[in-house]
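Good morning, colleagues. Please turn to the sequence and the structure on the screen.

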Amino acid sequence: MSLPCSDQSIRPKKMQSASLPRGVEAVRCWCGDLCKVKEVTDFSDLLGMKFFMCANYESDPPKSISAYLRPPSPPPLCMYYRWIDTEMPDWAVTEIRERGRRAWASLDLEERRAKAEAEEKAEQKKEWEDYCVEQRAFIDEMIRKNQEEKLRLEEVYKQREQAREAERERKRERARAAKAAEEAGDGKGKYPRWTQ
């Protein structure tokens with residue numbers, strides 16, 4: 001059995017009432033009263049270990065306003081406590097290992113999920129970039145075809161305009177020739193000479 005501990009920095013903060021282990025005698029605290037037996041419930045290297053502590057409070061405990069809300073108890077009067085157990089029980093060691101395993105499994109799951117999400121985002125980004133490149137190439141190809149079509153139509157319109165202008169010039173030349181012939185005609189015959 002350990003000596004009374006004066007180092008209050010390692011005194012457990014989370015505890016619950018427990019039964020006195022078989023073969024262990026009850027002790028009295030510095031107040032002279034029998035100590036309470038407590039068991040550590042905090043998830044730490046002391047989980048499940050039992051200890052004696054002063055049964056008297058430094059002040060009256062606050063009244064609980066509900067069964068679910070329990071206000072913290074005031075500190076013990078003489079701050080006496082003594083460890084009963086010198087090492088954690090087997091169930092506490094198993095619990096800590098199991099909690100550690102679950103914590104690592106959860107961390108590994110979170111890491112794998114984060115990695116999968118990052119890979120999915122990277123894949124989506126790559127697909128979007130590829131889509132943008134394809135659309136840009138399609139748009140450039142459409143612009144090139146439209147420009148080629150525009151140049152072709154301009155050439156066709158230019159050729160048509162030139163042909164039309166040549167036809168008009170031919171008709172104007174014919175009209176000038178007919179007019180000149182009519183003005184220069186001798187007036188003989190029923191019809192002008194140039195029509196005969």
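I shall speak about the sheet, the nonpolar cores and the salt bridges, in that order.

Please keep in mind that this is a predicted model.

I begin with the sheet. Four strands, in the order β1-β2-β3-β4, form an open sheet with antiparallel pairing. At its edges lie β1, residues 15-17, and β4, residues 81-83, each of which pairs on one side only. From one strand to the next, the twist averages 35 degrees. As a general point, strands of a sheet pair through backbone hydrogen bonds, in either a parallel or an antiparallel arrangement.

Within this sheet, strand β2 (residues 36-40) and strand β3 (residues 50-53) are joined in the antiparallel sense over four bridges. Lys38 belongs to strand β2, and it stands opposite Phe51 in β3. Phe51 counts as buried because its relative accessibility is 0%. In space, Phe51 and Arg82 are 5.5 Å apart, C-alpha to C-alpha, although 31 residues separate them in sequence.

I turn now to the nonpolar cores. The largest has nine residues: Val27, Cys29, Cys35, Val37, Phe52, Cys54, Cys78, Tyr80 and Ile84. A second, separate core has six residues, among them Val40, Met49, Tyr81 and Trp83.

Finally, the charged pairs. How many salt bridges does a search of the whole structure find? The search finds 15. One of the pairs is Glu95 with Arg99, whose side chains meet at 2.8 Å, N to O, in a salt bridge. Both residues lie in helix α1 (residues 90-184), four residues apart, or about one turn of the helix. Glu95 counts as partly exposed because its relative accessibility is 25%, and Arg99 is likewise partly exposed, at 33%.

Further along, Arg172 forms a salt bridge with Glu165 at 3.1 Å, N to O, and another with Glu169 at 3.0 Å, N to O. Glu169 and Arg172 are separated by about one helical turn, because they are three residues apart in helix α1. Through salt bridges that share partners, Glu165, Glu169, Arg172, Glu173 and Arg176 are joined into one network.

Thank you for your attention.

How values were computed
Residues are numbered from 1 along each chain as its sequence is written. This is a predicted model: local features need pLDDT of at least 70, side-chain atom pairs count only at pLDDT 80 or more; totals for chains, interfaces and linings use all residues. Side-chain values use heavy atoms; hydrogens and water are left out. A nonpolar core is a set of buried Ala, Val, Leu, Ile, Met, Phe, Trp, Tyr and Cys residues joined through side-chain atoms within 4.5 Å. Buried means under 20% relative accessible area, exposed over 50%, partly exposed in between (1.4 Å probe, protein chains only). Two strands pair if DSSP finds at least two bridges between them. Helices (H or I, at least four residues) and strands (E, at least two) are DSSP runs, numbered from the N terminus. Axes are lines fitted to C-alpha atoms, for helices over the stretch in contact, and angles run from 0 to 180 degrees between N-to-C directions. A salt bridge is a side-chain nitrogen of Lys or Arg within 4 Å of a carboxyl oxygen of Asp or Glu.
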